Amino acid sequence: MYKVFSRITIIAILCIFSLSTSSVAAENISANHVDLDLTRMSSTMVYSMVFQMVTEPQKFVGKRIKMKGAFSSYYDEESKRRFFGCVIKDALACCSQGLAFETFKPRKYPKDFPSEGSSITIIGRFDYEKEEDGIGFPIIRNAIFIK
Amino acid sequence: MFDQLFFYLDFPFVRYAIIVGTLISLCSSLLGVTLVLKRYSYIGDGLSHVAFGALAIAAVLKVTNNMLIILPVTIAVAILLLCGGKDARIKGDAAIAMVSAGALAIGYLLMNIFSSSANVAGDVCTTLFGSMSILTLKPTDVYLCVALSIVVLVTFVLFYHKIFAITFDENFARATGVNVTLFNLLIAIIIAVIIVLAMNLVGALLVSALVVFPALSAMRIFKSFFSVTVAAAVISVICSLAGILVAILAGTPVGSTIVAMDIVAFLICFITSS
């Protein structure tokens with residue numbers, strides 16, 4: 001009885017391990033997959049594309065986005081939440097806009113994050129976060145930093 | 001490069017930019033010939049500054065469709081400038097300079113005092129230089145531009161002979177029975193519409209280039225009114241298309257790139273003619 005129980009336990013552990021490794025593998029595969037690579041585009045196109053994402057987010061929800069920009073963070077006193085952003089500039093460099101992002105693995109700020117204004121490249125899934133008042137904002141979820 | 005271009009053309013907003021850019025450059029070049037010949041080359045600049053001032057007023061009043069304010073105000077000032085005639089107390093270039101500088105100053109002042117935007121400098125910069133406006137158009141903007149462009153083109157074709165007559169000699173046109181006042185009014189309205197549309201393409205400060213350069217380039221090579229008008233339209237459309245494509249491929253500001261193309265075309269025509 002003990003032997004049967006121990007074998008079942010081992011098989012169960014192996015199954016859980018294989019499941020967890022396959023999910024990690026799947027995450028790795030999906031991490032490399034990108035639906036929209038903004039790093040391949042000119043600055044004019046990137047700015048226009050991000051403008052489209054901000055004004056018509058529903059067209060991009062669920063897509064994996066790769067983008068390069070300047071790192072920025074902001075602490076919202078009301079929601080007690082720190083937001084991270086990837087900021088890009090237009091061709092005249094007078095206008096800038098950005099997308100908020102959430103990292104795939106929890107990180108401590110500022111230790112595990114780049115310095116403000118430094119260049120970053122991220123990959124993540126585009127989403128639209130709705131707030132309680134119904135107004136929302138676009139955000140890149142499960143973002144990973146690319147070196 | 002072509003792969004990249006076809007990749008960009010997959011996005012609707014790039015196609016919208018090309019459609020609107022072509023139509024605006026076509027319309028502006030047609031009237032450009034008349035304005036250059038009537039010595040009103042600088043009116044485009046003055047009216048675009050007025051449109052900027054009207055845009056600031058629309059922003060302050062929080063009007064959703066800012067065209068409801070920009071278009072009537074620009075048309076009214078265009079009528080005042082072009083139809084003021086010899087009886088006006090402040091004439092010609094002085095009136096244009098006054099309106100141009102005044103509208104720009106008031107517009108910027110209003111945007112600074114009342115704007116709810118976090119980036120006033122950015123908003124002003126975009127409006128004046130048209131950095132991205134053409135690549136951020138909505139389908140409704142495109143429909144409006146197409147409709148207004150058709151109105152301008154049809155009006156120009158229908159009244160081509162009358163416009164030709166008052167361009168060269170108003171007194172002779174009046175003697176032959178042309179209602180000069182009415183057609184000056186028509187030209188004023190059309191040029192105001194074109195200026196408002198062209199602000200999206202090159203920005204308020206660079207609108208004059210769209211009006212003046214294609215006409216002057218065509219005048220280097222051709223001599224008749226008809227051939228100059230057709231050549232100006234062709235040069236303007238080619239320069240705008242080339243400017244938009246270079247801007248999206250090289251990441252340069254759209255308005256400045258289009259104007260740079262117009263300058264290159266003018267230099268080519270100038271060298272060819274001499």
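Me: Are Asp127(A) and Arg141(A) buried or exposed?
Reply: In this predicted model, Asp127(A) and Arg141(A) are both buried (buried means under 20% relative accessible area, exposed over 50%, partly exposed in between, with a 1.4 Å probe and protein chains only). For Arg141(A) the relative accessible area is 16%.

Me: What does Asp127(A) form with Arg141(A)?
Reply: Asp127(A) forms a salt bridge with Arg141(A), and the closest N and O atoms are 2.8 Å apart. A salt bridge here is a side-chain nitrogen of Lys or Arg within 4 Å of a carboxyl oxygen of Asp or Glu. Asp127(A) sits in strand β5 of chain A and Arg141(A) in strand β6 of chain A, 14 residues apart (strands are DSSP runs of E, at least two residues, and helices are runs of H or I, at least four, numbered from the N terminus).

Me: Which residues are linked in the network of salt bridges?
Reply: The network links Arg81(A), Glu102(A), Asp127(A), Glu129(A) and Arg141(A). Glu102(A) meets Arg141(A) at 3.1 Å, N to O. Glu129(A) pairs with Arg81(A) at 2.6 Å between the closest N and O atoms.

Me: Where do Glu129(A) and Arg81(A) lie?
Reply: Glu129(A) is in strand β5 (residues 119–130) of chain A and Arg81(A) in strand β3 (residues 81–89) of chain A, so the pair ties together parts 48 residues apart in sequence. Glu129(A) is buried at 15% relative accessible area, while Arg81(A) is partly exposed at 24%.

Me: How many salt bridges over all chains?
Reply: A search of the whole structure finds eight.

Me: Switching to chain B: what does Phe11(B) touch?
Reply: Leaving out residues up to four places away in sequence, Phe11(B) touches Leu36(A), Met41(A), Met45(A) and Met49(A) (contact means heavy atoms within 4.5 Å). Phe11(B) lies in the loop between α1 (2–9) and α2 (12–37) of chain B and is buried, with a relative accessible area of 13%.

Me: And Phe114(B), where is its place?
Reply: Phe114(B) is in helix α5 (residues 92–114) of chain B. At 47% relative accessibility, Phe114(B) counts as partly exposed.

Methods
Residues are numbered from 1 along each chain as its sequence is written. Chains are lettered from A and ligands numbered from 1 in the order in which they are written. This is a predicted model: local features need pLDDT of at least 70, side-chain atom pairs count only at pLDDT 80 or more; totals for chains, interfaces and linings use all residues. Side-chain values use heavy atoms; hydrogens and water are left out.
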